[in-house]
Amino acid sequence: MRVSINNWSRFQHYKSRNPPWVKLHRSLLDDRAFAELSDYAAKLLIQLWLIGSESDDGSISGDTEDIAFRVHRDSAEVLPALQELALRGFIQMGTDDA
């Protein structure tokens, strides 16, 4: 599976990857789609931004179990949250060869 964060380049300012921190844009406070996410999906999105910062294009490769390991959750919790994020337009999910 490959998770791609939508609008990744819009929010990036680092030239080199794997930064020690990422910025959260204040615009999230007024983003209705973000506000309407479940608490867990919103938290997962921020964690995905952190993981995505390790790659040049913000993509995350691996299966649901790999992502669950990185965020210290059970994969049964992660998959529905990933689906919610995809449905709300925050991420795209596909195969690694897509």
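Here are some notes on the fold, the core and the helix packing of this model.

1. Ground rules first. This is a predicted model, in which local features need pLDDT of at least 70 and side-chain atom pairs count only at pLDDT 80 or more, while totals for chains, interfaces and linings use all residues. Residues are numbered from 1 along each chain as its sequence is written, and side-chain values use heavy atoms, with hydrogens and water left out.

2. Overall layout. The protein has four helices and three strands, where helices (H or I, at least four residues) and strands (E, at least two) are DSSP runs numbered from the N terminus. Along the sequence they come in the order β-α-α-β-α-α-β. Taking contact as heavy atoms within 4.5 Å, 72% of the contacts between residues at least 6 apart in sequence join residues at least 24 apart.

3. Burial and surface. Of the 98 residues, 35% count as buried; buried is under 20% relative accessible area, exposed is over 50%, and partly exposed lies in between (1.4 Å probe, protein chains only). The accessible surface is about 6300 Å², with 50% of that belonging to carbon and sulfur atoms. These areas come from the Shrake-Rupley method with a 1.4 Å probe, and for residues only the protein chains shown count as cover.

4. The core. A nonpolar core here is a set of buried Ala, Val, Leu, Ile, Met, Phe, Trp, Tyr and Cys residues joined through side-chain atoms within 4.5 Å. The largest one holds 24 residues, and L44, L48 and L85 touch the most other members. Strand 1 (2-5), helix 2 (39-52), helix 3 (64-71) and helix 4 (75-87) each put in at least two residues, with helix 2 giving the most, at eight.

5. Helix 2 against helix 4. Two packed helices are described by the angle between their axes and the distance between the axes. For this pair the angle is about 85 degrees and the axes are 9 Å apart; axes are lines fitted to C-alpha atoms, for helices over the stretch in contact, and angles run from 0 to 180 degrees between N-to-C directions. That makes helix 2 roughly perpendicular to helix 4, on a scale where under 35 degrees is roughly parallel, over 145 roughly antiparallel, 65 to 115 roughly perpendicular and the rest oblique. Y40, A41, L44, L45 and L48 of helix 2 meet E77, V78, A81, L82, E84 and L85 of helix 4. By class, that contact has nine nonpolar, no polar and two charged residues. Nonpolar covers Ala, Val, Leu, Ile, Met, Phe, Trp, Tyr, Cys and Pro, charged covers Asp, Glu, Lys and Arg, and polar takes the others, Gly among them.

6. Helix 2 against helix 3. Here the angle is about 95 degrees and the axes are 11 Å apart, so helix 2 is roughly perpendicular to helix 3 as well. Y40, L44, Q47, L48 and I51 in helix 2 meet I67, R70 and V71 in helix 3.

7. The loop between helix 3 and helix 4. H72 sits in this loop, and its phi is near 60 degrees, a positive value in a residue other than glycine. H72 counts as exposed because its relative accessibility is 68%. R73 is also in the loop between helix 3 and helix 4, but is partly exposed at 30%. Beyond its neighbours within four places in sequence, R73 is in contact with Y40, K43, A68 and V78.
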